[in-house]
Amino acid sequence: YVLAEGAGRFGLRVKLWKQRHEVCRSLPFYWVDGPVNLTHRASVETFIAAIATIHPALVVFDTLSRCLVGADENSQQAMTIAVEHADRIRTSMPGLLSILLLHHLNASGTRERGSTTIPGALDTMLQLKPRDGAGKGHITLSIEKQKDMDHLDSLHLRARILTIAGEVEDNGEASTSVLWVPDGADRVVDIPERILCLVHEHPGITKSAAADALGGRRGDTLKR
């Protein structure tokens, strides 16, 4: 995951995802703080060498604009080079590797920003937009382009602001982050499941240490 913007709280998002899905073990997930210049061949080759040992199945560039590093996204020439370099990364690994380019819409929200080179080069194009009439915190994921496949239904998502176990802000309040979940998915990982993850990661941890790590009221945590 090439994190070209918004690096500050990304680690909290990862922890919240693992908490939500009851994942206690380490995952083969890696990220880079800062852009990879997709218009610069040497930068691309350096990146390929860096990921060669982990053989990723998916590489995400967040965002495409930040990974152009000064190039004009309206330039067909610059975007053609970026596409060629993304393809170079995609074909550099043994087996199947997918490239996901996160890109913004224009100011009116009618199409993607910049040159039309990008949509023309894609196998799949997904679009995230606010869900009509649903209010803040509701978005729709729709398939705008998909080669060699019939139409797929859109997916409606809503934001859940959840507390992250064991994380505290500088002011002493529990840390939170956002998780987008499908409409109707109401199950939330609660404190007993978080305790199981904590014990899995720290065998032999004492009750008091567990209460400190999870936050909340010590008496309630110890009872569980």
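Among contacts between residues at least 6 apart in sequence, what percentage join residues at least 24 apart? The share is 58%, where contact means heavy atoms within 4.5 Å.

## Basis and overall composition

The model is predicted: local features need pLDDT of at least 70, side-chain atom pairs count only at pLDDT 80 or more, and totals for chains, interfaces and linings use all residues. Residues are numbered from 1 along each chain as its sequence is written, and side-chain values use heavy atoms, with hydrogens and water left out.

The protein contains seven helices and eight strands; helices (H or I, at least four residues) and strands (E, at least two) are DSSP runs, numbered from the N terminus. Its C-alpha atoms fill a box of roughly 65 × 45 × 35 Å along the principal axes. Of the 224 residues, 31% are buried; buried means under 20% relative accessible area, exposed over 50%, and partly exposed in between, with a 1.4 Å probe and protein chains only.

## Helix α3

Helix α3 comprises 15 residues, 76-90, which at 1.5 Å a residue should span 21 Å; the end C-alpha atoms are 21 Å apart, in agreement. The expected span is 1.5 Å times one less than the number of residues. Its buried residues are A78, M79, A82, V83, H85, A86 and I89. They cover an arc of only 165° around the axis, which puts them on the same side of α3; the arc is that of the directions from the helix axis to the C-beta atoms. Q76 and Q77 are exposed on the other side. The cover over the buried residues of α3 includes α2 (41-51), β3 (58-62), β4 (98-102) and α4 (117-121).

Within α3, M79 has a relative accessible area of 0% and is therefore buried. Not counting residues up to four places away in sequence, M79 touches L64, L68, E73, S115, T117 and I118. The C-alpha atoms of M79 and T116 are separated by 8.7 Å, although these residues are 37 apart along the chain.

## Helix α2

In α2, the buried residues are V44, F47, I48 and I51. Viewed down the axis of α2, they fall within an arc of 100°, so they line one face of the helix. The face turned away from this buried side carries the exposed residues T46, A49 and A50. The packing partners of the buried residues of α2 are β1 (2-3), β2 (32-33), β3 and α3.

## Nonpolar cores

A nonpolar core is a set of buried Ala, Val, Leu, Ile, Met, Phe, Trp, Tyr and Cys residues joined through side-chain atoms within 4.5 Å. The largest has 21 residues, of which V2, L38, F47, V59, F61 and I89 touch the most other members. At least two residues of this core come from each of α2, β3 and α3. Apart from it lies another core, of six residues, including L12, L16, L162 and L179.

Leaving aside neighbours within four places in sequence, L38 is in contact with V44, F61, L64, C67, I81, A82, H85, I89 and L101.

## The antiparallel sheet

An open sheet is formed by four strands in the order β5-β6-β7-β8, with antiparallel pairing; two strands pair if DSSP finds at least two bridges between them. Its edge strands, β5 (124-130) and β8 (174-182), each pair on one side only. β5 and β6 (138-146) are joined over seven bridges, and P130 stands opposite I139 in β6.
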